[in-house]
Amino acid sequence: MRRLLGILIGLLMLLAIGTAHRLVPDDERRMGSITTSGRLGERMDTGGFTITVEQVEVARRLTVPGLTSTRSLVTEDGVWVVVTATLVEGWEASSYTRTRLVARDGTSYLASARVPSDVQLTSGLLAEPGIPRRGMVVFEIPPDRLAGAVLRVVRGDVGGGRLAPEAVIELGIDESAARRLLDRASTPLELRPVDYG
Amino acid sequence: MPPPAPRTLQPGRPAEAPDAARRRLSVLLVVIGLFDLALIVGALAWSGGLRTAPAEKAPLVRLGEGLDTGRFVLTPRRAWTTSRDPLNDSEFADTGRFLTLEMDVRVTADESVDSPRDLQRGLILRLPGGVTIDGTSPRTSELRHGVVLAIDHSPAQVHPGLPRRVLAVYRLPSRQSWPHRVEVTGMRWEYAPGFLVRSRAWQVADTAVGRVVLPVRRGEP
């Protein structure tokens with residue numbers, strides 16, 4: 001009887017160990033970014049940086065003023081989504097090159113590399129602590145991915161940013177708002193360099 | 001203080017003899033070990049064991065058909081060679097032998113392909129004369145010159161739902177003559193944990209998904 005009880009306890013312990021092992025969160029859950037949610041127009045404090053998304057515009061043609069001439073960027077099969085925001089870094093110089101627009105179906109778009117980095121808020125120079133940077137983040141996406149899109153701004157470069165602060169911002173683009181934005185997309189949009197202070 | 005007791009002496013041998021003998025033995029063992037290692041490495045090299053394993057022979061697809069890598073579909077279109085760096089249109093462009101591979105890219109994963117280098121990492125190019133440019137080999141990183149969008153020569157970032165034509169540029173090694181054909185093999189990509197880092201990322205697998213042979217013309221079309 002005692003031997004049977006021992007075997008039973010042993011089996012139960014093995015079962016408990018197996019269950020505990022399965023309950024261990026995977027690396028992505030343990031080391032993923034720490035998100036703070038908010039919406040368009042709201043000042044969001046992620047604990048690592050603050051961000052306020054001011055407006056969202058859509059265009060098929062962008063104009064990029066340069067030192068000597070103005071350049072035009074056209075997308076034939078997509079649209080440019082231009083998000084204007086102010087970002088203030090919290091405590092260390094950081095980059096935000098993993099900023100992305102996530103469509104309703106989960107498809108993720110990085111900020112466009114066709115747009116020069118000096119007019120992109122989250123590309124180029126590092127954000128210095130305490131100095132507000134106001135600028136644009138530009139995405140090139142298919143028009144049918146616009147409705148329901150969410151902006152995700154996370155501190156760190158591609159491949160880094162473990163346990164990094166991340167802002168998840170609802171842009172308030174429902175189906176009717178998406179239609180309105182797309183109707184106005186034929187008007188070219190001029191990009192402006194990032195402002196400081 | 002009394003003088004230290006003398007160490008045991010052997011006739012004709014200094015006092016440090018046992019230490020010296022041990023040292024000599026250690027040196028001898030190290031030499032024998034290195035000799036054995038060199039012998040093994042030499043035998044491995046002689047038998048071909050140090051050469052990169054040949055990639056699995058992939059099915060040959062017709063020119064114009066896509067290679068579905070699991071992350072994006074690549075459709076090689078044309079190839080040509082130039083004697084100036086096609087990625088630099090200034091007068092300071094490097095000269096040499098450059099091979100440009102024009103491809104259409106359609107992303108099938110649910111995220112942008114941010115790094116243009118990824119479009120070359122999953123490709124193996126075989127040229128007449130035996131030169132192979134394996135995208136995953138660090139030794140070919142200097143030969144993989146870059147990938148740009150054909151439309152404006154900006155870095156070839158490709159997004160889901162927005163297929164793009166790209167130009168993948170290779171710098172051919174000096175031993176390679178002007179090629180008249182190139183075989184392009186596409187390797188499978190998988191989203192999997194790394195060897196050291198457990199978080200998942202896109203990596204090139206060992207499996208070839210297909211290969212296509214293109215004629216190479218001299219000069220930009």
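Tutor: We will take helix, sheet, core and chain contacts in turn. Keep in mind that this is a predicted model.

Student: Let's start with a helix. What should the 22 residues of helix α1 of chain A span?

Tutor: Count 1.5 Å a residue. Helix α1 (residues 2-23) of chain A should then span 32 Å, and its end C-alpha atoms are 31 Å apart, so the two values agree.

Student: Now sheets. How do strands pair?

Tutor: Strands of a sheet pair through backbone hydrogen bonds, either parallel or antiparallel. Chain A has an open sheet of 3 strands, in the order β5-β4-β12, with mixed pairing.

Student: Why is one side of β5 and of β12 left without a neighbour in that sheet?

Tutor: β5 (70-74) and β12 (189-190) of chain A stand at the edges. Each has a single partner strand, so one side of each has no neighbour in the sheet.

Student: How many bridges join β4 to β5 in chain A?

Tutor: There are 5, and the two strands run antiparallel. Strand β4(A) covers residues 61-65. For one facing pair, find A:Val64, which stands opposite A:Arg71 in β5(A).

Student: Next, the core. Which residues touch the most other members of the largest nonpolar core?

Tutor: A:Val81 and A:Val83 do, in a core of 43 residues. The elements of chain A giving it two or more residues include β3 (49-59), β6 (79-89) and β9 (133-141). β6(A) gives the most, with 7 residues.

Student: What does A:Val81 contact, leaving aside neighbours within four places in sequence?

Tutor: Look for A:Val56, A:Val58, A:Leu101, A:Phe139, A:Ile141 and A:Leu146. Another core, of 31 residues, lies apart from the largest one. Among its members are B:Leu127, B:Leu143, B:Ala156 and B:Val166.

Student: Where does chain B meet chain A? How many residues are in contact?

Tutor: 15 residues of chain B are in contact with 18 residues of chain A. On the chain B side, they divide into 3 nonpolar, 6 polar and 6 charged.

Technical notes. Residues numbered from 1 in each chain as written. Chains lettered and ligands numbered in written order. Predicted model: local features only at pLDDT ≥ 70, side-chain atom pairs only at ≥ 80, totals over all residues. Contact = placed C-beta atoms within 7 Å. Nonpolar A, V, L, I, M, F, W, Y, C, P; charged D, E, K, R; others polar. Pairing = 2+ DSSP bridges. Helix = DSSP H or I, 4+ residues; strand = E, 2+ residues; numbered from the N terminus. Expected span 1.5 Å × (residues − 1). Core = buried A, V, L, I, M, F, W, Y, C linked by C-beta atoms within 7 Å. Buried ≥ 20, exposed ≤ 12 C-beta atoms within 10 Å, placed from the backbone.
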